[in-house]
Amino acid sequence: MDKISKLMWVIFWSLALLALAYYFQGKLDQQYNPNQSVHSAVDGSGKVSVILKQNRQGHYLAAGTINAQPVVFLLDTGATKISIPAHLGPSLGLSGQQIQRVKTANGSINVKSTTINSLTLGEIKFHGLKAHLNPGMTDNTILLGMNALKQLELLQRNNTLTLTQYAH
């Protein structure tokens, strides 16, 4: 083989490997968060429902927004309030207010209180929710705590969770 033929084979196999990596990364992302696109159903009375699929670890993750910025939520019935990694605060338009001491699964930590102007999960919408900016969280996943979840009806069945918000 001449040099051009070898180069073409190297380019071909490099592109094939990149395509496979891209394909399998998409599969892994879908397994981690099967709710990357959240769909809602709204009935005539204003009741909004969102159905989430459980991921491989048994958790419910879902794409949503905080202050119109895209985020990923992990629904956490063990969290009293929404907990946001502190490094995400500026990009979400959130500033820390007073320091509070809270107990987490990893022990006690100082967090800063904040208020979320708007939060959406599909067509489910919240306004004026209290939250914590948590310096101990290093990834980009936001814990959607009970101060939001208690305003919804939750029904878990067959590896799905239906969240329903009734018209106010």
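What is the order of the strands in the open sheet of 4 strands, and is the pairing parallel or antiparallel? The order is β1-β2-β11-β10, and the pairing is antiparallel. This is a predicted model, where local features need pLDDT of at least 70, side-chain atom pairs count only at pLDDT 80 or more, and totals for chains, interfaces and linings use all residues. Residues are numbered from 1 along each chain as its sequence is written, and side-chain values use heavy atoms, with hydrogens and water left out.

**View 1. The whole protein, element by element.** Here we have 2 helices and 11 strands, where helices (H or I, at least four residues) and strands (E, at least two) are DSSP runs numbered from the N terminus. Read from the N terminus on, the elements go α-β-β-β-β-β-β-β-β-β-α-β-β. Of the 168 residues, 34% are buried; buried means under 20% relative accessible area, exposed means over 50%, and partly exposed is in between (1.4 Å probe, protein chains only). The protein exposes about 10600 Å², with carbon and sulfur atoms supplying 57% of that area; accessible areas come from the Shrake-Rupley method with a 1.4 Å probe, and for residues only the protein chains shown count as cover. Take the contacts (heavy atoms within 4.5 Å) between residues at least 6 apart in sequence: 58% of them join residues at least 24 apart.

View 2. The strands to pick out follow the order β1-β2-β11-β10; two strands pair if DSSP finds at least two bridges between them. At the β10 end, 5 bridges tie β10 to β11 (residues 160-165) in the antiparallel sense. Look for Q156 sitting opposite L161 in β11.

View 3. G58 belongs to the loop between β2 (48-53) and β3 (61-66). Its relative accessible area is 32%, so G58 is partly exposed. N159 is 101 residues away from G58 in sequence, yet their C-alpha atoms are 7.9 Å apart in space.

**View 4. β3 and its antiparallel partners.** Strands of a sheet pair through backbone hydrogen bonds, either parallel or antiparallel. β3 and β4 (residues 69-75) run antiparallel and share 6 bridges, with G64 opposite V71 in β4. The hairpin of β3 and β4 has 2 residues between the strands, and N67 takes a positive phi near 50° there. β3 also pairs in the antiparallel sense with β7 (residues 107-121), over 2 bridges. T65 finds its bridge partner in T120 of β7.

**View 5. β5, buried both ways.** In a regular strand the side chains alternate between the two faces of the sheet. In β5 (residues 82-85), I82 and I84 point one way, S83 and P85 point the other way, and all are buried. β5 pairs with β8 (residues 124-134) in the parallel sense, over 4 bridges. P85 has N134 of β8 as its bridge partner.

**View 6. A buried leucine in a loop.** L92 is in the loop between β5 and β6 (99-104). With 4% relative accessibility, L92 counts as buried. Setting aside neighbours within four places in sequence, L92 touches I66, N67, Q69, V71, I84 and I142. L92 and Q69 are 23 residues apart along the chain, with C-alpha atoms separated by 6.2 Å.

**View 7. The salt bridge.** The structure holds 1 salt bridge, meaning a side-chain nitrogen of Lys or Arg within 4 Å of a carboxyl oxygen of Asp or Glu. The side chains involved are those of K125 and E123, at 3.4 Å from N to O. K125 is partly exposed at 38% relative accessible area, and E123 is partly exposed at 42% relative accessibility.

**View 8. A nonpolar patch.** I4, L7, M8, I11, L15 and L18 make a nonpolar surface patch of about 640 Å². Patches are made of residues with over 30% relative accessible area and no salt bridge, joining like charges within 9 Å and nonpolar side chains (Val, Leu, Ile, Met, Phe, Trp, Tyr) within 5 Å. I4 is in helix α1 (residues 3-32) and counts as exposed, at 61% relative accessibility.
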